[in-house]
Every structure is written in structure tokens, then in C-alpha cells.
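Please have the structure open while I talk.

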Amino acid sequence: MIIVMKKGATQEDVHSVEERIREWGYSAHTIYGAERTVVGAVGVPEADKARYMESLEAMPCVEKVIAILRPYKFASREYHPEGTVVDVNGIPVGGKQVVIMAGPCTVETYEQTWESAVACHAAGATILRGGAYKPSTSPYSFQGHGEEGLKILRDVADKLGMRVVTEVMDPRNVELVCRYADILQIGTRNMQNYDLLREVGRVRTPVLLKRGMWARIEEWMQAAEYILVGGNPNVILCERGIRTFETHTRNTLDLSAVPAVKELSHLPIIVDPSQGTGKRSLVEAMSKAAIAAGADGLLIEVHPHPDQAIKDGAQSLTCEGFCNLMRNLRPVVEAVGRTL
């Protein structure tokens, strides 16, 4: 349940509420907003909730108490009515600015990563994406360069003043990836890898949580809950398409998830039109649609020579194509009252 403090409530008032709910067996999670302070309480048996709610509402410093019936608490909009803005080392995700994360699907060589990053940065991308560890359906496919790939990403990004988002697949590698990355990406196949979710919940590095390819929105929110309950509030959601009966596109990009998530959750949400369609020719149209739907950013694959790419060349934009995309996105971004 959520305890909304009255406007002007003091720090002592907040502590008194926290102490009371802890005495009852709750864990207390407090958010200090611009207008109101909110205390989230999780862990009390349902049978006692009505009595505790009545007791809290009788406190003079409490404005109201709200019972959250959803299976996810900290990810819900009720818990945090204001949208969350995740700070990625000085770059806000979830604010007025639409954030562009772009770069190669896979780190192949230093030269390939550098060429892609230079073009992306020049066009307006602020976060460099790239895979050092690659989840592949086939065990014989390229699995990535591991730490060497992380070093390449970090060096290239630092030279250009960019941030890094890259995937972590193994709970044992979280600490290692945190040394190089500004955002830890959880891929679609690992959305319900609960050991991994718990591990990234123990750090404070922002987490980009991709929707599972067969996941309902509620399951996606509960995966985010694992990270939030672990103590990491810096979660960014990513819609990347779901599996349906349609075979023309690689996945079915569910853009209705963007406004739906905005209603249900305070967490920022970005869209991956590259994975979402699997076709270079569809990326620009779906990018525009994602921004119009309310997405806080885009995750786009860019390769200097897509026809030579080790992985996912068919969905990767050329450097020139990415520059054209960014130019064509601006009118849409401005039309919805945001900046690029």
C-alpha cells in the first residue's frame, strides 16, 4: 500500500510513519517528490491491511492511504505518480528530451565500432549501444568478444563523450560489465532470469529491461519489480517486439505498449525498432510512430557496412541512413512537444 503524506509534512513525520509500518512487518520505501512525499509499504498479510490502513489514515501527517492491488508495487504509477527520470551519468532518460541510443548490434572490431559511433554521435545520438556478449539461438553463432568488446565500447564512447549501453547475460558478470557500462541491458531472453534480475537490483547502474518476446505487459512489470525491490530504482523499459503468428517481420512491434506502460507505470520506456521489425526499411517509420506514441527514446542498430555485419545486418541502418533518420525525426519530436 501507499501512504501519501500531507503537503508540508516534516522529516520527523515521515520517520514516524516509517517506524510504524516497520513495526507491523512492512518494508518501507520512501520517495520525496516535488509536491508530496510518498511511503510505499510492502509485506503485510492481506488480512491485516484494512486495519493498518485505518490506523495510518488517522495520523495527522497522512493525507491518504492507497491499497495497490496490482502484483507489482514499486513499478506502479500509484506508487510514484510523477514519471521517473533516470540519470545516465548526466543524460536524463524520461524527461522532455528524446534520448537516442545507437551503434552496432555487435562489437566486431575497434574500427567498425569507431566508424559507427562517430556517425551516430555526429547525428545526435548520446548513448552508444553495442554487444560484447551475444545471446545466440545457435551455439555455433558468434558469441561476442566479452571483456575485450567492453573495453572497445568504453574507449570509443569516452573519446566521443558518449555513454554506453550493453547487455549482461550472466549474474556472475554484472560487476565486470558495471566497470565499463553506463546502462546494463537485460535482453528479451533474460527478462525472466530472476537470478540476473536480483543481481542487477543490487547495483545502482541503470538497467534497460527489454520485454520478453512472449511476455505480457504485466509479466514485464513484475520483472522490473524484481530490480526495484532489490534496491535499484534506475530502471528503463524497452519495447522490442513480441512473437506472433506474423512472419513478414522478425517480431511484431507492439507500440500500444508505450501508452499502456505510461498509464500503468512511472518508469521511462524506449523502443527498439531494429529488433522490433528486423527490416532496415521499416526502422524509420516505426521510430516516428514510437515517438508519436510517447516513447522516451529509441535503441537503433547502425553498422558502417551492414552487408558485411556478423549479426543482424538486415535490420541495421547504414551511417548515412541513420543521419537521414535523425533529420526526419525532428519534426515529429517537435510536434509532440519534446526535444531531440
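By helices I mean DSSP runs of H or I of at least four residues, and by strands DSSP runs of E of at least two, numbered from the N terminus. This is a predicted model, in which local features need pLDDT of at least 70 and side-chain atom pairs count only at pLDDT 80 or more, whereas totals for chains, interfaces and linings use all residues. Residues are numbered from 1 along each chain as its sequence is written, and side-chain values use heavy atoms, with hydrogens and water left out.

Let me start with Met 169, which sits in the loop between strand E9 (163-167) and helix H5 (174-180). Its relative accessible area is 29%, so Met 169 is partly exposed, that is, between buried (under 20%) and exposed (over 50%), with a 1.4 Å probe and protein chains only. Leaving aside residues up to four places away in sequence, Met 169 touches Tyr 133, Lys 134, Pro 135, Asn 190, Asn 193 and Leu 196, where contact means heavy atoms within 4.5 Å.

Now the cysteines: there are zero disulfides in the structure, a disulfide being a pair of cysteine sulfur atoms within 2.5 Å. For Cys 238, the nearest cysteine sulfur, that of Cys 105, is 13 Å away, and Cys 238 is buried at 0% relative accessibility. The sulfur of Cys 319 is too far for a bond, because the closest cysteine sulfur, in Cys 120, lies 6.4 Å from it.

Finally, in helix H8 (residues 257-264), Ala 257, Val 258 and Val 261 are buried. The buried residues of H8 pack against helix H7 (217-229), strand E12 (235-239), strand E13 (269-271) and helix H10 (280-293).
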